[in-house]
Amino acid sequence: MFETLKAMPPDAILTLIGEHQSDARENKIDLGVGVYRDESGQTPILRAVKKAEQHLLDSQPSKSYLGSGGNPEFNEAIQAITFGGGARADKRVTTVQTPGGSGSLRVAAGLIMRAKPDVALWASDPTWSNHIPLLGGAGLELKSYPYYDTERKDIRFDEMLETLNDMPSGDIVLLHGCCHNPTGMDLSRDQWQTVVDLVVTRDLVPFIDIAYQGFSDGLEEDAYPVRIMFDRVPEMIVSSSCSKNFGLYRDRVGSLSIVAKDSATSGNLRSQTLNIVRTMYSMPPDHGAAVVSHILNNADLRDDWLVELAGMRDRLKEMRALLGAALREKAPDHDFSHIERANGMFSFVGISTEQVERLKSEFAVYMVNSSRINVAGITQGNVEHLASSIAAVL
Ligand code: LMR
């Protein structure tokens with residue numbers, strides 16, 4: 001029966017990993033998949049993570065099942081960093097541990113399909129390239145709202161508001177909590193307030209994907225959109241990830257939080273969520289969540305982790321500035337200042353697919369076709385080659 005299946009087009013981001021690995025050129029640069037890298041090009045295991053893993057190795061009493069919602073201490077700790085400490089007392093919020101942020105998105109999509117299958121979900125244009133197949137694959141109807149202007153290299157805020165204003169009430173708006181993927185362009189706090197007002201008056205359901213918390217301005221600061229939304233709306237969905245801020249990529253640690261109108265609805269929602277999980281993958285993997293839970297519940301480890309998180313955040317900012325300066329020198333007739341205005345891991349360079357292709361084939365510089373770069377792939381040692389390669393294809 002399987003001969004009826006045709007090959008799928010390869011995933012644009014994941015394909016770059018293999019292409020870069022098999023490139024033998026010494027000066028190759030990987031700006032593809034969104035993983036943090038240090039100055040030596042490595043994706044390190046954080047100190048706090050190593051210590052927590054050692055602690056688990058020495059003291060974990062059992063690896064017996066925990067249940068479909070995962071580790072309860074992890075869920076509480078994540079809820080607190082996302083929604084603020086007060087959320088613990090709010091019986092409208094329910095949180096489950098998921099296999100990464102992607103697992104969270106997929107469980108949320110399943111839940112939406114059960115609750116309201118004819119609702120539309122609006123994603124920013126552009127958005128993370130896997131949002132569309134991942135959420136659409138669960139059966140959701142997807143639409144898009146304008147977000148980024150490739151000419152002006154800025155947010156199309158007025159058009160975004162117009163579209164939000166025209167959405168049928170009850171529709172779902174997918175918003176990036178911080179470090180917008182792929183553009184790196186985030187709403188200002190004033191703009192967030194305007195969006196919240198509109199979401200409230202138009203009776204829309206916000207769905208915040210916060211996969212990069214701590215990579216923009218700080219752990220607390222980056223949660224601002226979630227917090228102000230939570231104060232004002234009766235229902236919302238939040239998908240969060242520990243892949244980047246804890247560097248636990250392959251351990252698949254994420255969470256899904258859902259805010260319901262009241263605690264009775266929240267109970268039913270939790271039961272539906274656990275049922276979706278049980279019938280999809282039964283339970284999330286424990287190791288990474290146990291690590292995160294130990295770090296967040298141990299004052300010393302938590303402080304150390306916050307220092308490491310700040311280190312990653314500062315390096316991203318530094319590398320943006322470094323690339324900006326190098327481009328001003330190598331391509332003085334072009335304006336790349338948007339790269340320095342962006343946040344977190346990503347930015348569009350703002351070049352064509354053909355130019356991206358030339359960068360790969362002629363200069364061993366790898367980035368996503370849209371010209372999205374992961375700024376963590378930049379180092380003091382490669383920025384010169386990167387900037388002159390970009391200048392050469394302009
Ligand atoms: C990215 O956008 O590169 C990351 O979120 C990794 C992924 O799975 O695509």
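Guide: Let us begin with the ligand: the shell around the ligand draws at least three residues from each of domain 1 (2-45 + 310-393) and domain 2 (65-297), the domain bounds coming from an automatic or database domain assignment. This is a predicted model, in which local features need pLDDT of at least 70 and side-chain atom pairs count only at pLDDT 80 or more, while totals for chains, interfaces and linings use all residues. Residues are numbered from 1 along each chain as its sequence is written, and side-chain values use heavy atoms, with hydrogens and water left out.

Visitor: Which residues are around the ligand?

Guide: A residue is near a molecule or strand if one of its heavy atoms lies within 4 Å of it. Here the residues around the ligand are Ile13, Val33, Gly34, Trp128, Asn181, Tyr212, Lys244, Phe346 and Arg372.

Visitor: How do the residues of the shell divide into nonpolar, polar and charged?

Guide: Ala, Val, Leu, Ile, Met, Phe, Trp, Tyr, Cys and Pro count as nonpolar, Asp, Glu, Lys and Arg as charged, and the others, Gly among them, as polar. By that scheme the shell around the ligand has 5 nonpolar, 2 polar and 2 charged residues.

Visitor: Where does an oxygen atom of the ligand lie 2.8 Å from a polar side-chain atom?

Guide: A polar contact is a pair of N or O atoms within 3.5 Å; within protein, one must be able to donate a hydrogen and the other to accept it, and residues adjacent in sequence count only if both atoms are side-chain atoms. The case you ask about is Arg372, with a polar side-chain atom 2.8 Å from an oxygen atom of the ligand. For Asn181 the corresponding distance to a ligand oxygen atom is 2.9 Å, and for an N or O atom in the side chain of Tyr212 it is 3.4 Å. The ligand taken alone exposes 260 Å², of which the protein buries 80%. Such areas come from the Shrake-Rupley method with a 1.4 Å probe; for residues, only the protein chains shown count as cover.

Visitor: How many residues of strand S7 are buried?

Guide: Two terms are needed. Helices (H or I, at least four residues) and strands (E, at least two) are DSSP runs, numbered from the N terminus. Buried means under 20% relative accessible area, exposed over 50%, and partly exposed in between (1.4 Å probe, protein chains only). In S7 (residues 172-176), 5 of its 5 residues are buried. Ile172, Leu174 and His176 point one way from S7, and Val173 and Leu175 point the other way.

Visitor: Which strands are joined to S7 by bridges?

Guide: Two strands pair if DSSP finds at least two bridges between them. Strand S3 (residues 120-125) runs parallel to S7 and is joined to it by 2 bridges, with Trp122 opposite Val173. Strand S8 (residues 205-210) is also parallel to S7, through 5 bridges. Across that pairing, Val173 stands opposite Pro206, and Leu175 has Ile208 as its bridge partner.

Visitor: Which way do the residues of S8 point?

Guide: Val205, Phe207 and Asp209 point one way from S8, and Pro206, Ile208 and Ile210 the other way; all are buried. S8 pairs with S9 in the parallel sense over 4 bridges, and Ile210 has Ser240 as its bridge partner there.

Visitor: Why is S9 described as largely enclosed?

Guide: S9 is largely enclosed by the rest of the structure because 6 of its 6 residues are buried. Met236, Val238 and Ser240 lie on one side and Ile237, Ser239 and Ser241 on the other. S9 and S10 run antiparallel and are joined by 6 bridges; the partner of Ser240 in S10 is Ser255.

Visitor: Is Thr183 buried or exposed?

Guide: Thr183 counts as buried, because its relative accessibility is 1%. Thr183 lies in the loop between S7 and helix H7 (189-201). Its side chain makes a polar contact with the side chain of His180 (2.7 Å), and the side chain of Thr183 also reaches the backbone nitrogen of Met185 at 3.1 Å.

Visitor: Where is the place of Asn245?

Guide: Asn245 is in the loop between strand S9 (236-241) and strand S10 (254-259). Asn245 is buried, with a relative accessible area of 3%, and a polar atom of its side chain lies 3.0 Å from the backbone oxygen of Gln213.
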